[in-house]
Structures are given as structure tokens and as C-alpha cells.
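Please open the model in your viewer and keep the sequence panel beside it.

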Amino acid sequence: MSRTALIGNVTAMLEDAGFLVSDRCAVRPKSFDVAARRDEDLLLLKILGNVDALDAETGAEMRRLGEYLRGTPMVIGIRTRDEELKPGVVYFRHGVPVINPDTAYDLFVEGMPPLIYAAPGGLYVSLDGDLLADEREERGWSLGRLANELGVSRRTVSKYEDGMNASIEVAIQLEELFDQPFSSPVDVLDGADEVRDSEPTPSAPEADPDDEHVLHVLTSAGFTVHPTARAPFKAVSEDEDSPATRVLTGHSAFTAAAEKRARIMSSIGEVARTRSVYFTEEDEKRESVDGTALVSCEELAEVTDPEEIRELIRDRARAPSEA
């Protein structure tokens, strides 16, 4: 299956599951292919045939954008160089959760989250340690008795009951011993934070020198500006007086390619519930493109009151929908 067809199939599946899906980010650089929202769940999705194509820089950018936009970065893919991705299993690439299309269908359409995740050494599950302890005590089994049944140490059983994750083999043994599952679902929509290695969000890249004057004006106007490296926009800007207000920010000469980028920003903004603004190097007769505000750098240079910049963006950019 071609990547274009795969993206189309995933997009259709998400729409059937009730997600609002953005236009495809058919520009470069791009750290994700589509944004999708259902209620309060926002996804930033990279869709790949071979998930090994996700490099460290793109993974870092996806994680940063997830934090800036209050969303979950995620990869939906089919295989690695060595094997097909297994259904019902969450993998990780550079800190980003990865699932195959069947797992995505189960999660988003059927409401069945995965129970298994891959980590160095094999496949694992997150155990409900309290339930395990209750069932063991109800049977009158000591830690040692259960350890003997599982072929592990007493200390290991104690750790399972304290919340340590277990191999899938141990999870199967426990289910057979007690005739019930002890596995807890992997919360993919929260980035699978409870099972992936804990890592801080990667630091933001330096701003492009060509954008510094625009970003400086935004900073002076009371925005916290997060430069991006591989997104369809140059920065995500947060209003310090209203942290929930975020603005996707672009900047360049306003060519046909820039207009295409502005339209994509509008589509992403509609899904991510942000405004978007494109700063142009020349005057434009239009004040917006599909909801993305157009502001010339000459206009920007003439603004002295920070509130005027906010008003320019509010007046010209489409307000985010809360629906």
C-alpha cells in the first residue's frame, strides 16, 4: 500500500470514529501528517509504512508540539525494517507511541485500548497490583507460594503488587492461575506515559535568524514564543495573559507555497483550537487566507502598543471553535 493510500485510510477511519481531521500537511518540513480531534482528545499523527523512517529530530518535534498544543503525538505504521507491527501492541520511537492500523481501529472505533507494549527485552503489560494482591490474599496464598507458581522470586511478586510491570508470559500465567486478567490498558491518548521511559520534553530549537524580528515583536507583545523546526508553521505562540490562547505563526515572503502553508495552518488551527497568523515580507491586499491572518512586517513595525498586535490577530484570524 502506498503511503498516500495509507494516510487516506487512516483519515477515513478517524472520521468514521467521530474525529475532526485536518487537511494533510502536504508541505515540507512536516513533523506530522494530520491533526485530529474528538472532544478533548487532540492527536498529532505521523502515518508511515515503515516506522523506522521516524528520526530523532522529528520525534523530538512531535513531542514538543504535543506539549505546546495540549495534544498527543502518535505514529500509525505497518512495519519496521525487521517485522510487521503486532496488533494490540504499543511500540515507541524516540519517545512517541506507535501503533498499527488494526490497533488504531480497536482504540478509536471499538473503544478497546491496547494492553501490551514493547520495550527492550520483549512485550510487557501493566499489572493491576492491588487486584493481584487482593486475589492472592483471598486464596490464602503467600508471596512465596505465588512466586513458586510463577517461577520468580518472592521479591519480584512483591514488586508486581507494588505496580511493577510484567512480561506478557507472566501476565498469561497469572490469568491462567486466577482465571481472570490483571492487565491494565495502555493509555495511548495520554502518550502512554505510564509505560514509556520517562524523559523530559526535548528543548526547543533556536529560532531561524530570518524570523527573529517577528518573534521579538510577539515576545514584546506578551506572547511566549516556541520556535519549531519541522512543523508547517514557524512557531507556536502563547498569550501570557491567557495561556489557553495559542497562535500558530508563520513568516516568509508570501509566495504560492506560503499561501498553501497558510491554508494548512488554518485547517490545523481549526482542529487544534488555535488562531493562526502569517507575517509577510510585503503588503498583501487580503487580510486573511481561509482564517489565517495576514500581517505585513511593515504593519508590524508600525505597531507600538502590544495590545494592537493582539487586536490585529483577533480581528483577522478565525477564532478557534470550542465545538
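## Stop one: helix H6

Begin by selecting helix H6 (residues 154–161), in which Val157, Tyr160 and Glu161 are buried, where buried means under 20% relative accessible area with a 1.4 Å probe and protein chains only. These three cover an arc of only 95° around the axis, which places them on the same side of H6; the arc is that of the directions from the helix axis to the C-beta atoms. Helices here are DSSP runs of H or I with at least four residues, and strands are runs of E with at least two, numbered from the N terminus.

This is a predicted model, in which local features need pLDDT of at least 70 and side-chain atom pairs count only at pLDDT 80 or more, while totals for chains, interfaces and linings use all residues. Residues are numbered from 1 along each chain as its sequence is written, and side-chain values use heavy atoms, with hydrogens and water left out.

Next, display what the buried residues of H6 pack against: strand S8 (122–127), H4, helix H5 (143–150), strand S9 (166–167) and helix H7 (168–178). Just after H6, Gly163 takes a positive phi of about 115°.

Now select Arg136 in helix H4 (residues 129–139), which counts as buried because its relative accessibility is 8%. Beyond its neighbours within four places in sequence, Arg136 is in contact (heavy atoms within 4.5 Å) with Trp141, Ser142, Leu143, Leu146, Glu161 and Phe178.

From there, move to Leu146, whose contacts, with neighbours within four places in sequence again left aside, include Arg136, Val157, Leu174 and Phe178.

## Stop three: the largest nonpolar core

A nonpolar core is a set of buried Ala, Val, Leu, Ile, Met, Phe, Trp, Tyr and Cys residues joined through side-chain atoms within 4.5 Å. The largest one has 29 residues, of which Val75, Leu146 and Leu174 touch the most other members. H7 gives the most to this core, with five residues. At least three residues come from each of domain 1 (1–113) and domain 2 (121–183), with bounds taken from an automatic or database domain assignment.

## Stop four: strand S14

Finally, select strand S14 (residues 275–280), where six of its six residues are buried. Arg275, Val277 and Phe279 lie on one side, and Ser276, Tyr278 and Thr280 on the other. S14 runs parallel to strand S16 (residues 292–296), joined by four bridges, and Phe279 stands opposite Val295 in S16; two strands pair if DSSP finds at least two bridges between them.

Note on methods
Buried means under 20% relative accessible area, exposed over 50%, partly exposed in between (1.4 Å probe, protein chains only).
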